[in-house]
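Welcome, and please take a moment to look over the sequence and the model. The report that follows walks through some of its parts.

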Amino acid sequence: MRRAPTILHLDMDAFYASAEQAAKPSLRGKPVVVGGIGPRGVVATASYEARVFGVRSAMPTAQARRLCPNAAYLTPRFTLYRQVSDAVMQLLRALSPLVEPLSLDEAFVDLEAGGVPAESAAARAVGEQLRRDIRVVTGLTGSVGLAGAKMLAKIASEAAKPDGLVVIEPGTERELLEPMPVRTLPGVGPATAETLRRAGIHTVAETAEAGEAELVRLLGKAHGAGLYAMAMGQDDRPVVAERDAKSVSVEDTFEVDLTDRTRVRNEMLRLADRCVARLRAAGRSGRTVVIKVRNYDFSTLTRSETLRGPTDDPAVVREAAVRLLETVDTTGGVRLLGVGVSGLADFTQEDLFAQLATEREAEERSAGGAAEPAAEVPAGEREAAPELPRRWHPGLDVVHEEFGAGWVQGSGVGRVTVRFETPWSAPGRVRTFAVDDPALRPGEPLSLLGGPDQPSAPAIRPKSVSPADEAGSAAGEEISSR
């Protein structure tokens, strides 16, 4: 525990929704909900205007629509969010070499490691300047907490929301924590809170009064001892600059339960390819393939297979995922599928694919001989790949040959409605087009960082690329550090 509040925690305010409001002038000051937009979607972030109606993160989108039917419900645009996040993290790294990102919109900073004097006034001045810099660079707001420990800095930033700064002076921790509910403490989820409730423990003060021995009896040695220390206001965890990813995973929730076994298998193969793409983008390989299957009744099963060495080969991950899927009964209907790779490494086992091919050949020989090679089709006789249908999800970027950059407000019955505006324009006009209008193309997000002098139109994607490829569910892709 430090004698000065030199651990800073930054949490951007309603990050995804605020970024969408900054990018879309017509939505500023109005309720905005970002997340899965289908009947089984989940809210990723709600603007403060939507929170007034009771909309919260992790709430089913269908419930959010009942609470706030007039909100704008938008598909996430992670390209934009990562761009803004990179700019914010760059500001943090200018303060200190010890920056610990927790997500795109949240991070700890060790100010002492950056040369900030161990004084409350100096730390507060840095925090206030950081908030100003974030607003200038991104147009968004962030809340800052300062304390002598990570747990307390995070509590302070939560108390500062929205767009504020709170300092917890060393020596005042117990007084601040005691009246708070026990769920305030890190590591206390619904199950732990219920165990404590049954024991008559509801607040942080009651947790401390219960004593370490009682908490160990209720929760086990490690969890109980750690929880007691935090209830006493003690947290000596350092700010760690590099949080090494432990797994890479992707998942999709389907609007209608999948009952066809072939469709389930094809979706699993598609997810495996997406997972490997993210694995390679992170410059990693992995040796354990994990699948996740959530059935129609919400029961969730996971299966895993550990390979002989780490790989980033899509053929290996696909085959392992399909083998694992064969061990799961999906006849009742599948609501969600996921594929992940863990046991990450910075190298690959080069002979894995060769080994897989050898095993395939052995199986084919045992089944009665090698398979006949497929006849090669002359290049001139190959059929062109069919163009993917366009799916115009609300919130996604488009560009029109005549009207320029805009975003999709909605679509249906063969029509798509587009509002033409940019981050630096006044609220724009709305126009409607046929969904297959050749003058309308998917676009890339306009930067929030370049100011009004940036180009007025985003890059155009090839016609064959569907924006649905990036829509997904808000929590469908992740690199987990926990």
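## An enclosed space

Which strand gives the most to the lining of the largest cavity? Strand 14 does, with 3 residues. Before going further, please note that this is a predicted model, in which local features need pLDDT of at least 70 and side-chain atom pairs count only at pLDDT 80 or more, while totals for chains, interfaces and linings use all residues. Residues are numbered from 1 along each chain as its sequence is written, and side-chain values use heavy atoms, with hydrogens and water left out.

Rolling a probe the size of a water molecule over the atoms shows where empty space is left. On a 1 Å grid over the protein atoms alone, a cavity is a set of points where a 1.4 Å probe fits but cannot get out; a pocket is an open set with protein on both sides within 12 Å along at least five of seven lines; and lining residues have an atom within 4 Å of a point. Grid points are joined across faces, edges and corners, and a volume is the space filled by probe spheres set on the points. The count comes to 1 cavity of 30 Å³ or more, and the largest cavity holds about 90 Å³ of space. Its lining has 13 residues, and A23, R77, D397, E421 and L446 lie nearest the centre. By class, 6 of the lining residues are nonpolar, 2 polar and 5 charged. Here Ala, Val, Leu, Ile, Met, Phe, Trp, Tyr, Cys and Pro count as nonpolar, Asp, Glu, Lys and Arg as charged, and the others, Gly among them, as polar.

## The chain as a whole

The chain has 15 helices and 18 strands. Helices (H or I, at least four residues) and strands (E, at least two) are DSSP runs, numbered from the N terminus. Of its 482 residues, 47% count as buried, where buried means under 20% relative accessible area, exposed over 50%, and partly exposed in between (1.4 Å probe, protein chains only). Among contacts (heavy atoms within 4.5 Å) between residues at least 6 apart in sequence, 64% join residues at least 24 apart.

How many of the 9 residues of helix 1 are buried? The count is 9 of 9, from F15 and Y16 through to A22 and A23. These buried residues pack against strand 1, strand 2 (32–35), strand 3 (43–46), helix 2, strand 4 (72–74) and helix 4 (78–95).

Helix 1 also gives the most to the lining of the second largest pocket, with 3 residues. That pocket has a volume of about 320 Å³. Its lining counts 19 residues, with S18, Q21, A22, G139 and L140 the closest to the centre. At least two lining residues come from each of helix 1 (15–23), helix 2 (48–51) and helix 5 (120–138). The lining is made up of 8 nonpolar, 7 polar and 4 charged residues.

## A mixed sheet with a helix on it

Strands of a sheet pair through backbone hydrogen bonds, either parallel or antiparallel. Two strands pair here if DSSP finds at least two bridges between them. An open sheet of 5 strands has the order 5-6-1-7-8, with mixed pairing. Strand 5 (99–103) and strand 8 (165–167) stand at the edges with a single partner strand each, so one side of each has no neighbour in the sheet. The twist averages 15° from one strand to the next; axes are lines fitted to C-alpha atoms, for helices over the stretch in contact, and angles run from 0 to 180 degrees between N-to-C directions.

Strand 7 (142–147) and strand 8 run parallel, joined by 3 bridges, and L146 has V167 as its bridge partner in strand 8. Helix 6 (150–160) packs on this sheet, touching strand 1 (7–12), strand 5, strand 6 (106–110), strand 7 and strand 8, and its direction makes about 140° with that of strand 7.

## An antiparallel sheet and a hairpin

A further open sheet of 5 strands is antiparallel, in the order 16-15-14-13-17. Its neighbouring strands are turned by 40° against each other on average, direction ignored. Strand 14 (404–412) pairs with strand 15 (415–420) over 5 bridges, and G410 has T417 as its bridge partner.

Elsewhere, strand 10 (285–295) pairs in the antiparallel sense with strand 12 (334–345) over 10 bridges and with strand 11 (300–311) over 8 bridges. Strands 10 and 11 form a hairpin with 4 residues between them, and F298 in the turn has a positive phi of about 75°.
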